[in-house]
Amino acid sequence: RQFFRWAADTHGKSSPEPLLFTLAGFLWAALARLFPPGRYIVLSDAHRLALFDEAARRAHLSFFRRGTEPLSPALLEQLAELVDGIRRDGIDAAALQARYERALQERDPGVDLARLHDILALTSAYEELLGDDFLDEPRGWAVLREALQRGSPRLMRQLFPETELMLLEGFSEFRAPESAVLEALAADELPVVIRLDYSPENGPLFGNFQELIERLRDAGYRAVSTDPPVLMSEQTPPEQRIFLPLGAYLRRWLFNTERDIRHPGFSPVVTILECADRNAEVLAIARLVKHLLCRQGYRPGEIAIVMRQPELYSGLFREAFALYRIPANVTDRFWLVQSPVVVAVVSLLTFALNGFRRVELERIVYNPYVRLSGARGEPIDGMNLLGVAARRRILGGHRFGGAHGWQRQLQRACQMLHRQLELLQADPYGDPIEQ
């Protein structure tokens, strides 16, 4: 949406929809256009785990398995994630074999040979099962890199004929197989731009791209810095700092922890408030938002509340926004165990699975998202049903007959009440109130 708005503001008209991919999405789209359908079978997570299960059965393990017993499901899943992680980092069975042989020769005490042997065996068996027909993501990056290296320089233009530029933006790191494909893309005719949020002046704030930049430069990319010139230092007089761009100051000095340097230009736009506790802080912010909405003419979509630890504030903000009737989207969602909708669904499923126990019925009755109704849609008073069940000592559950046990005991209760009513009506001295 931001791209469309930028294009409309720049050109004065809407632009055609571009091809937008995640990095993995680009990989599978390129392979789908590069090879005919059915050439490779792309593994899903479930299929990959099943293939790894077969690899674990074939591998000769001495550390993770004793005897011939199969691996437990929990251990199998952990080992599958481990092998998948090291393969995503560009470490295949051949690299593990070289590391294992070097550890044997050097007698490195920091290497657990038994554990490394089993990881090598699992990786080798898994890659052998992959063969030439199956593709997981690490293998997919290797196949794409080989195709780029062996193909013509117009390969990407042939795969994406309507694309004039490939832009990669918003990534905090690239793993070895991914960076190898980026290096291979440098020889393609399609222009490739990789925008990295990295400054040599500030160092690795969110990711250290210096090694990647050097590798991409060696592959043929040209490095262009978008950092503004350093216009201010600790020697700059305070009366001159106010004329410097705020964006340049933030980019250069936002994470400064060593020098006491200030920019007076932020004084009109930044206000620091101090509150007694977290509750007072949230109420002050809610009152300010209400003032901006009602008196200053702001719209809710123009206001953002940003915090370092949202899990400490989200519940308080929900209560404060409801108190002041402020429409808001709290991006820190409910935990599933606390969501009333999820609790309602789980309670309904548990109620049936456990034989309609009264304990589960109480959770359902008190849940605002559940309404009880009869076979013809007539409403059922849940509180009255719970009261009857408590007086008649109806516990429910498979032990007491489940749903049939409820029906049987309620029918007996109705029959007994009818008999009592008949006796009261036949008694000439019966109390009319009891009748």
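Me: Which residues of α13 meet α14 in this model?
Reply: In this predicted model, the residues of α13 that meet α14 are Arg-278, Asn-279, Glu-281, Val-282, Leu-283, Ile-285, Ala-286, Arg-287 and Lys-290. Their partners in α14 are Leu-312, Tyr-313, Leu-316, Phe-317, Ala-320 and Tyr-324.

Me: How does that contact divide by class?
Reply: The contact of α13 with α14 has 10 nonpolar residues, 1 polar residue and 4 charged residues.

Me: Where do these two helices lie in the chain, and at what angle do they cross?
Reply: Helix α13 covers residues 278–294, and helix α14 covers residues 310–324. Their axes cross at roughly 45° and come within 9 Å.

Me: What does that make them to each other?
Reply: The angle is roughly 45°, and α13 and α14 are therefore oblique to each other.

Me: Right-handed or left-handed crossing?
Reply: The crossing in which α13 passes α14 is right-handed.

Me: Now to α4 and α7. How do they pack?
Reply: Helix α4, residues 73–88, packs with helix α7, residues 137–150, at an angle of about 20°. Their axes are 8 Å apart.

Me: Why are they called roughly parallel?
Reply: Angles under 35 degrees count as roughly parallel. The angle here is about 20°, and α4 and α7 are therefore roughly parallel to each other.

Me: And is this crossing left-handed or right-handed?
Reply: The crossing of α4 and α7 is left-handed.

Me: Which residues meet there?
Reply: From α4 there are Asp-84, Arg-87 and Arg-88, and they meet Glu-137, Pro-138 and Arg-139 in α7. By class, the contact of α4 with α7 has 5 charged residues, 1 nonpolar residue and no polar ones.

Me: What lines the largest cavity?
Reply: The lining consists of Arg-48, Phe-52, Ala-80, Val-83, Asp-84, Arg-87, Tyr-126 and Asp-136.

Me: Which element gives the most?
Reply: That is α4, with 4 residues in the lining of the largest cavity. Among the lining residues are Asp-84 and Arg-87, and Asp-84 and Arg-87 in α4 also take part in the contact with α7.

Me: How do the lining residues divide by class?
Reply: The lining of the largest cavity has 4 nonpolar residues, 4 charged residues and no polar ones.

Technical notes. Residues numbered from 1 in each chain as written. Predicted model: local features only at pLDDT ≥ 70, side-chain atom pairs only at ≥ 80, totals over all residues. Heavy atoms only, no water. Axes fitted to C-alpha atoms, helices over the stretch in contact; angles between N-to-C directions. Parallel < 35°, antiparallel > 145°, perpendicular 65-115°, else oblique. Left-handed = near helix turned anticlockwise from the far one by under 90°. Contact = heavy atoms within 4.5 Å. Nonpolar A, V, L, I, M, F, W, Y, C, P; charged D, E, K, R; others polar. 1 Å grid on protein atoms, 1.4 Å probe; cavity = no way out; pocket = protein on both sides within 12 Å on 5 of 7 lines; lining within 4 Å.
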